[in-house]
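Please look at the sequence and the 3D structure below before reading on.

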Amino acid sequence: APTGLRVLAGDVGGSFGMKGAAGREDGLVLWAARRLGRPGLWASGRTEAFLSDEHGRDLRAKATLALDEQGRYLALDVEFRANIGAYLSRRSLGMVNNIGGLAGVYRIPAIRAGVTGVFTHTASVAPYRGAGRPEATYVVERLLDAAARRLGRDPADLRRRNLIPAEAMPYQTALTFRYDCGDFAAVQARAEALADRAGFAARRNAAAARGRLRGLGIASPIEIAGRPMGPSRADTARVSVAADGTIELRPGAMSVGQGHETALARLVADRLSVPEAAIAYRQGDTDLLATGRGNGGSSALVVGGTAVHAAIEALIEKGRAIAAEALEAAIADVSFRDGRFAVAGTDLTLTLAEAAARAGPDGFAADAWHAPEEPTYPNGCHICEIEIDPETGAVAIVAYAAVEDVGTVLDPALVEGQMQGGIAQGMGQALGERIVYDRATGQLISGSFLDYRMPIAADMGRPVLETLAVPTAVNPLGAKGVGEAGTVGALAAVMNAVCDALAPFGIEHLDMPATPERVWRAIRDARQRGEARSTDRREDRR
């Protein structure tokens, strides 16, 4: 029975998707422990992890965009072929739930999209930070840059012309998503100002004088958060007050480095008017809270925070009843403010701790759960500038600015941290991260960090980040979620910048990752094609 099993989850760190479900090893350890009648332990080595852990984002896309003579988008057609590895699970095609992101922040009247899963002799795939959101944004944003170049239009102006206006909200897109709110034009305008896009031409000329190719890429990501398009996943929370006044928070949301223990504790402290230090935050123990949503899908505040909010309100209602009885008043006449229950029209009050003492030696507690009725739609605009050394193909990110609408911001430092981390992961995929198998033998070649490029702080500098909040009415906090935001925008912004820098060579597209070798080969091949065309013209003149 579930009551006969206790699960403890310590400070396990992130993974952004892979740890969202039980692995085969978890079950095998339990089975072995029962067979042997003793505790069991399983630990994965780094090489084993490269070989057998689930991978992410292995797909190809063929996309077509139709525009009218004024540059307005008419229709979008996208076909994905996704490598799901050797085994299929319910996590293999997570992209399908989030494919609505292909609509972007734009008015596109007609959209058709398809996803075909392909079995291969490689590791299985699972959600990885964004889980389909970055892939969808990458396709539409790369396509928009290609369209702007072919039409001779300014990429930012082409986007601006097609943005969904704020007054059109709520807006039903042509592909499943229904945006409840947002001001996409204001977000893009602020990002362009933050990045000093107007001064880019001068910076490009200065780079050219140093023998460098400079490019600017823009991307306006949108994601779905809080719940997928399918059934809603609820979260739970418990808030209690002990007789000595100690307040304990037991959230169903699981912090794995995001700082929920700060944000959620602050939520309790602010509403109950107590110091944050007075809040005991306890997570990861099924004896304390039997069920919880955990983490994933930018749901910590949108779903978990709303459950905590509901538990706080339920706790206050219980306290009002206790105070009414203790102060011999009607419940309707008792209010809670500044940490005290007070009877209207009198000077009778009761502190939270006093109410807990009245309730008994264990104080009192309240449980709540929340299942979102609608998702939220965090959105933003990212602008990246890069420089390329044409002789080596090395790509350097020289500037990065991003503005995100994540709804109400409860803790600016935590939001900035999530954006920085997400952008770093997006940069890593755009410029270096790649799992490589030998085509003839199927042998994994990139089996260690000696062969797999991870991004480091020196690769990204310090992005300039801001938020522009358009609070949602989907939840009482007004929060939209921030966990995936950075990654969803970074992939397209970085690659748009790379392709912009390479445009003088006639290079329209380069597949990720833009490693020095790939960039160098693309420049070499373009130069050879240029020399061949030049030779052909000389032959024609003869």
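## Terms and model

Two strands are said to pair if DSSP finds at least two bridges between them. Helices (H or I, at least four residues) and strands (E, at least two) are DSSP runs, numbered from the N terminus.

This is a predicted model, in which local features need pLDDT of at least 70 and side-chain atom pairs count only at pLDDT 80 or more, while totals for chains, interfaces and linings use all residues. Residues are numbered from 1 along each chain as its sequence is written, and side-chain values use heavy atoms, with hydrogens and water left out.

Arg 340 stands opposite Thr 351 in β12, and 3 bridges join β11 to β12 in the antiparallel sense. Strand β11 (residues 340–343) is also joined to β10 by 4 bridges, again running antiparallel, with Ala 342 in β11 as the bridge partner of Ser 335. Between β10 and β11, which form a hairpin, there are 2 residues, and Asp 338 in the turn has a positive phi of about 55 degrees.

The open sheet has the order β10-β11-β12 with antiparallel pairing. Because β10 and β12 (349–351) stand at the edges with a single partner strand each, one side of each is left without a neighbour in the sheet. Helix α9 (residues 352–359) packs on this sheet and touches β10, β11 and β12, its direction making about 85 degrees with that of β12; here contact means heavy atoms within 4.5 Å, and axes are lines fitted to C-alpha atoms, for helices over the stretch in contact, with angles from 0 to 180 degrees between N-to-C directions.

Buried means under 20% relative accessible area, exposed over 50%, and partly exposed in between (1.4 Å probe, protein chains only).

## The sheet of four strands

Another open sheet, of 4 strands with mixed pairing, has the order β6-β14-β15-β16. Its edge strands are β6 (213–219) and β16 (464–467), each of which pairs on one side only. β6 and β14 (residues 379–388) pair in the antiparallel sense over 7 bridges, and His 382 in β14 is the bridge partner of Ala 219.

Helix α5 (residues 184–194) lies across β6, β14, β15 (395–405) and β16, at about 30 degrees to β14. Helix α10 (residues 412–431) lies across β14, β15 and β16, at about 140 degrees to β15.

Val 7 lies in the segment before α1 (24–36), and Val 7 is partly exposed, with a relative accessible area of 43%.
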